[in-house]
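Open the model in your viewer and keep the sequence panel beside it. This tour goes stop by stop, saying what to select and what is there.

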Amino acid sequence: MPDLSWPGAWRGEVSGAAVTVGDVDEVAGPLPDPNPVDLADAGRRGGEELRLFLRRRALLRALVARRLGLAVEAIVVGYDARGAPVLRQPRTAQTRGRSEPRLFISLSARGRLAAFALAQEPVGIDLEPLVDPGPLAAALTSAERAAVAAVPEDARPAMVLRYWTAKEAYLKALGTGLRRDPALVGIAAGSDESFTVRDGGRPNAERRGAARQGHWLWPTVRGSPLVVALFHGDR
Ligand SMILES: CC(C)(COP(=O)(O)OP(=O)(O)OC[C@H]1O[C@@H](n2cnc3c(N)ncnc32)[C@H](O)[C@@H]1OP(=O)(O)O)[C@@H](O)C(=O)NCCC(=O)NCCS
């Protein structure tokens, strides 16, 4: 089982999901070498993009190994047909004729910063630096735009980023990513940095219970304030 000491990383258990956010170059100790699936998934990436991809993949495998109490060599991560990361090995016993992964995984990255989530149900995570959100505001619903307009101007960028990260986290948990239009997904902020999603008129929290709520986290890593949204969903 890997040691994985990671100075400066933010770690937390958020409604059953293990969340880690950090600078991938600040992990102390060795990470596993890439396996053939990692190298195949790297595709045509080159240079720094390739280095960061392989480092994230190694970290993801190490985090899964630690969570499951297994050697990192036993962990194989790949992609499903839509590009969502999945745990390929180990799998549980057959359930209703299907082999289910033991853990659901999600990740998000900006340069050297990365956020990882592991959970026993479909999960999505998204990370954005707390800077000017630029064109992301175009993905807001009219209700979200009105909520942004109602807060003081200096609070608006963070509010746009909250909505955007929540939509992306939800769409990752769903497994579609941005193939679905984020402007069609409504986010309602609750208390305690929680949120619910209204998709197709069905509030998920009512449909599936409060565990399907999302949560915003506000870690600071390497001096950079970040907004991270985590969502537990269904596929
Ligand atoms: C998934 C997606 C939302 C990521 O957006 P992003 O802000 O650029 O990147 P993030 O760092 O937050 O997330 C990237 C991670 O999302 C994950 N991801 C990719 N597709 C996913 C999907 N369909 N569902 C869940 N997670 C997905 C991957 O693990 C990826 O990390 P990796 O490449 O290191 O493995 C976006 O790339 C997407 O929707 N892709 C699928 C559809 C597509 O290819 N459309 C063309 C471009 S819009």
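Which residue in E2 does Arg11 stand opposite? Select Arg11, then look across: Thr20 in E2 stands opposite.

**Before going further**

Residues are numbered from 1 along each chain as its sequence is written. This is a predicted model, where local features need pLDDT of at least 70, side-chain atom pairs count only at pLDDT 80 or more, and totals for chains, interfaces and linings use all residues.

Show the whole protein as a cartoon. There are five helices and 15 strands. Helices (H or I, at least four residues) and strands (E, at least two) are DSSP runs, numbered from the N terminus. Of the 235 residues, 38% count as buried. Buried means that 20 or more other C-beta atoms lie within 10 Å of the residue's own; exposed means 12 or fewer, and partly exposed is in between, with C-beta atoms placed from the backbone.

**Stop 1: the hairpin**

Select residues 10–14, strand E1, and residues 17–23, strand E2. The two strands run antiparallel and are joined by five bridges. Strands pair if DSSP finds at least two bridges between them. Trp10 stands opposite Val21 in E2. Now pick the turn: two residues lie between E1 and E2, and Ser15 there has a positive phi of about 40°.

Stay on E2. Five of its seven residues are buried, so E2 is largely enclosed by the rest of the structure.

**Stop 2**

E2 and E8 pair over six bridges. Ala18 has Leu118 in E8 as its bridge partner. Next, E7 meets E8 (residues 113–119) over seven bridges, again antiparallel. Here Leu107 stands opposite Phe116 in E8.

Two residues are in contact if their C-beta atoms, placed from the backbone, lie within 7 Å.

**Stop 2: the core**

Color the nonpolar residues. The largest nonpolar core has 57 residues, and Ile125 and Leu230 have the most contacts inside it. Helix H4 gives the most to this core, with eleven residues. Such a core is a set of buried Ala, Val, Leu, Ile, Met, Phe, Trp, Tyr and Cys residues joined through C-beta atoms within 7 Å. In soluble globular proteins, nonpolar side chains tend to be buried together.

Center on Leu230. It lies in strand E15 (residues 224–232). Is Leu230 buried or exposed? Leu230 is buried, because 29 other C-beta atoms lie within 10 Å. Beyond its neighbours within four places in sequence, its contacts include Val14, Val19, Ile125 and His215.

Move to Ile125. Leaving out residues up to four places away in sequence, Ile125 touches residues including Val19, Leu107, Lys172 and Leu230.

**Stop 3: the ligand**

Select the ligand and its shell. How many residues surround the ligand? There are 18, and the closest are Gly83, Ala84, Ser108, Gly177 and Leu178. A residue belongs here if its C-beta atom, placed from the backbone, lies within 6 Å. The elements giving two or more residues are H2 (47–68), E7 (104–110) and H4 (156–174). E7 gives the largest share, four residues.

**Stop 5**

Most residues other than glycine have a negative phi, and most peptide bonds are trans. Go to Pro90, in the loop between E4 (85–89) and E5 (91–95). The peptide bond from Gln89 to Pro90 is cis, with omega near 0°.

Finish in the loop between E10 (185–189) and E11 (194–199), where Asp192 lies. Asp192 has a positive phi of about 55°. It counts as exposed, with 7 C-beta neighbours inside 10 Å. Glu193 is in the loop between E10 and E11 as well, and has a positive phi of about 60°. Glu193 is partly exposed, with 14 other C-beta atoms within 10 Å.
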